[in-house]
Amino acid sequence: MLSRIFIQNFALIDRLEIDLKTGLQVITGETGAGKSIILGALRLIMGERADAKSFAKADSKSIVETEFCIDDSFKSFFDNKDLDYEPQTIIRREIAPGGKSRAFINDVPVTLDILKELSSRLIDIHSQFETSDLFTESFQFGILDGLAKNSSLLSDYQTMFNEYLKAKKDIDQLKKIRSESNKESDYKNFLLTELEEANLDQIDFSDLQNQLSIQENADQISEQLSQSLSTLNAEEFGILPRLFDIRNKISKLSELSSDYEELSQRLETSYLEIKDINAELEEKAENLEINPTYLQQLLTSINRINALFLKHQTGDIQGLIAIREELAASQNSLEDVENLIDEKEKLISKAEIQLQNLSKKLTESRLKYSSDLENKAKEIFHKLGLEKATLKIDITDSTQFNTFGKNAIQILFQANSGFPLKPIQNAVSGGERSRVMLAIKKIMAENNALPTLILDEIDTGVSGRIAEEMGKLMQEMANDLQLIVITHLAQVAAKGNENYKVVKYDEKGITKTTIVTLSDEEKLNEIAQLISGSKITDAAISQAKELINH
């Protein structure tokens, strides 16, 4: 239940703090006193959008804080959201002057989604202008499922339904990927085959280029080798014979003096090195072959690789190999997509079987309890002066699974006998809406585990006996939950376990709003004032006492 409200710097409220009790909590106050301001502040706790224009002081932050008494049934929520569970849970909303908003649960910062999720399980605010809720499919299912105790069954169904929708969304994306991949598949296959046939792992591109240069310049290379060998080996003036003669002379000098040993060794080394160079030159000259066929093969290979470089925007063999591997992986990836589509289709088939079973149970339960809802509504309508009113729940099968099973629902209504039932949004008049909604809220209060319900002037437009019956109905509802009622009716106010009044006052020329708890005497005077107007008469006091004692 809602045990405390604290509001600071919100609209006409400078600072307000009130403790609430169990049972029927009645709030009264003159029109324009600020009751809607308090509700507006509470709606921030429900996760509604904050408006910095609502600040009483533009340069100070606005704070709305509520304290709820909760039981162990909320522990799992707190554990799942990594929050600290407290039997006295505090929900706070702060709005900075710039409009930035922050939300807290037991002093832990939370997102608005988490705030909404928790507050929706703690409190329901119903305004006189919100009877259109009755016309929504989700609200109508909520009434019937609450009465049928379908909460657990519906939760299992919706969990499976969400998995089903996700699998369908996933499979649509995978099929889109497959479609796009198939469009490119032939071209990618062509590119991959082209790269595979190039035998890139066996190619030394630098060596190919070197071999090509040798073949293209073979005549010049042969001539240069021949001249070099002639210079090295000529009998009389060749480098090797003359170097051989010099080596022998210096060797003899080294035998005469150690000063020439190093030079002799150096000459020996040089002579052997040049002999080795000569031998290699002779080998290269002997092996040099001018082969037009081989030249053409080299040209073909190099041109093909250069074309691949240009096509794939890379400059080396490793780059082509990387692209080849990427293309091969993409082909494998397409196979993976096919396998995933297969898995998702199997998952969807299994989910459909489970959804069919769960939705069938929901349908059976709803059909079983729909007549109970109709009878309960008729009984309450009678008390509220709608003696001829009839309400019928029309459950039909849907062709597709939806959030609520495989059903569609429509509440049919007729306030007068002898006329056909119509969809409630077309049949209920403005004067009947409040009473119909109160009847529905009464049924929901008996069957839905909602700790706190706030009814904002739901009794507008009624008086006399009907107002008395509304008050009794609210008393009964307060046995099942904490009911906070904002009213202008004396008959309703008299039924309050606790009574509060919203008052407007001036302080230093500034209009402000607050709420006060009424004593027994103040409650009596307030009810008398609701009866007689601004001037409280003895007759009004007497009637107020009678209403309270009745």
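Modeller: In this predicted model, helix α8, which spans residues 239-256, packs against helix α9, residues 261-287, at an angle of about 160°, and the two axes lie 9 Å apart. Since angles over 145 degrees count as roughly antiparallel, that value makes α8 roughly antiparallel to α9. The crossing of these two helices is left-handed. On the α8 side the contact is made by L240, L243, F244, I246, R247, I250, S251 and S254, and on the α9 side by E261, L263, S264, L267, E268, S270, Y271, I274, K275 and N278.

Helix α6, made up of the 12 residues 205-216, reaches 17 Å from its first C-alpha to its last, which is close to the 16 Å expected at 1.5 Å a residue. Its buried residues are F205, L208, L212 and Q215. These four cover an arc of only 80° around the axis, and so they sit on the same side of α6. In helix α1 (residues 35-45), 9 of the 11 residues are buried, so that helix is largely enclosed by the rest of the structure. The buried residues of α1 are K35, I37, I38, L39, A41, L42, R43, L44 and I45, a list that takes in the charged residues K35 and R43. Just after α1, the backbone at G47 takes a positive phi of about 95°.

N106, which is not a glycine, has a positive phi of about 50°, and its place is in the loop between β6 (101-105) and β7 (108-110). With a relative accessible area of 13%, N106 is buried, because the cut-off for that term is under 20%. K508, likewise not a glycine, has a positive phi of about 55°, and it is found in the loop between β14 (498-507) and β15 (510-517). K508, however, is exposed, with a relative accessible area of 83%.

E468 belongs to helix α14, which covers residues 464-477, and with a relative accessible area of 12% E468 is buried. Once its neighbours within four places in sequence are left aside, E468 is in contact with Q491, K495, L547 and H550. As for a position elsewhere in the chain, E468 and N162 are 306 residues apart in sequence, and the distance between them in space is 46 Å, C-alpha to C-alpha.

Notes:
Residues are numbered from 1 along each chain as its sequence is written. This is a predicted model: local features need pLDDT of at least 70, side-chain atom pairs count only at pLDDT 80 or more; totals for chains, interfaces and linings use all residues. Side-chain values use heavy atoms; hydrogens and water are left out. The expected span of a helix is 1.5 Å times one less than its number of residues. Buried means under 20% relative accessible area, exposed over 50%, partly exposed in between (1.4 Å probe, protein chains only). The arc is that of the directions from the helix axis to the C-beta atoms. Axes are lines fitted to C-alpha atoms, for helices over the stretch in contact, and angles run from 0 to 180 degrees between N-to-C directions. Angles under 35 degrees count as roughly parallel, over 145 as roughly antiparallel, 65 to 115 as roughly perpendicular and the rest as oblique. A crossing is left-handed if the near helix is turned anticlockwise from the far one by less than a right angle, and right-handed if clockwise. Contact means heavy atoms within 4.5 Å.
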